[in-house]
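Dear colleague,

Please find the structure below.

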Amino acid sequence: MKKGNFNKAMLLFELFRKHRINGDDLAKAESKSAYLDEKVDEFRLLISMCKDVFAGRYHMDKWNLSVIVATIAYVVSPLDAIPDMVPLMGWMDDVTIVAYAASKLSDEMQKYKTFIQAKAG
């Protein structure tokens, strides 16, 4: 992604970090996740983490939760650095934001996977 588009995406990401997410946003996020190519599993994990935090089943610090909320809000929002309707390139900014979030949350994502495994077993 071009540096200018990345900077624009990061500015939007910071705006979305304070967004209050709701059930409709989570449902939209799940339906849009299929377009995220190699980041689909990471994005779906972020959605699951968000749902479990909101349901009180999992706890994390507010900063990590704000990164997840911002990522989900960015993906579902029609305001993008590169609009989703632009062929091929429209989802690149979303993929980049998910990759950025996953890199910042790698420890928390691993803790959550351990939590899920313990809960299942």
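Of the contacts in the chain with a separation of 6 or more, 68% are between residues 24 or more positions apart; a contact means heavy atoms within 4.5 Å. This is a predicted model, in which local features need pLDDT of at least 70 and side-chain atom pairs count only at pLDDT 80 or more, while totals for chains, interfaces and linings use all residues. Residues are numbered from 1 along each chain as its sequence is written, and side-chain values use heavy atoms, with hydrogens and water left out.

The chain has six helices and zero strands, where helices (H or I, at least four residues) and strands (E, at least two) are DSSP runs, numbered from the N terminus. Of its 121 residues, 45% are buried, that is, under 20% relative accessible area with a 1.4 Å probe, protein chains only (exposed is over 50%, partly exposed in between).

There are three aromatic pairs in the structure. Rings of Phe, Tyr and Trp (its six-membered ring) pair if their centres lie within 6.5 Å; planes under 30 degrees apart count as stacked, over 60 as edge-to-face and the rest as tilted. Tyr58 and Tyr112 form an edge-to-face pair, with 5.0 Å centre to centre and 80° between the planes. Because Tyr58 lies in the loop between helix H3 (40-54) and helix H4 (62-76), and Tyr112 in helix H6 (residues 106-120), this pair ties together parts that are 54 residues apart in sequence. Both Tyr58 and Tyr112 are buried. Ring pairs also link Tyr58, Tyr112 and Phe115 into a cluster.

Yours sincerely
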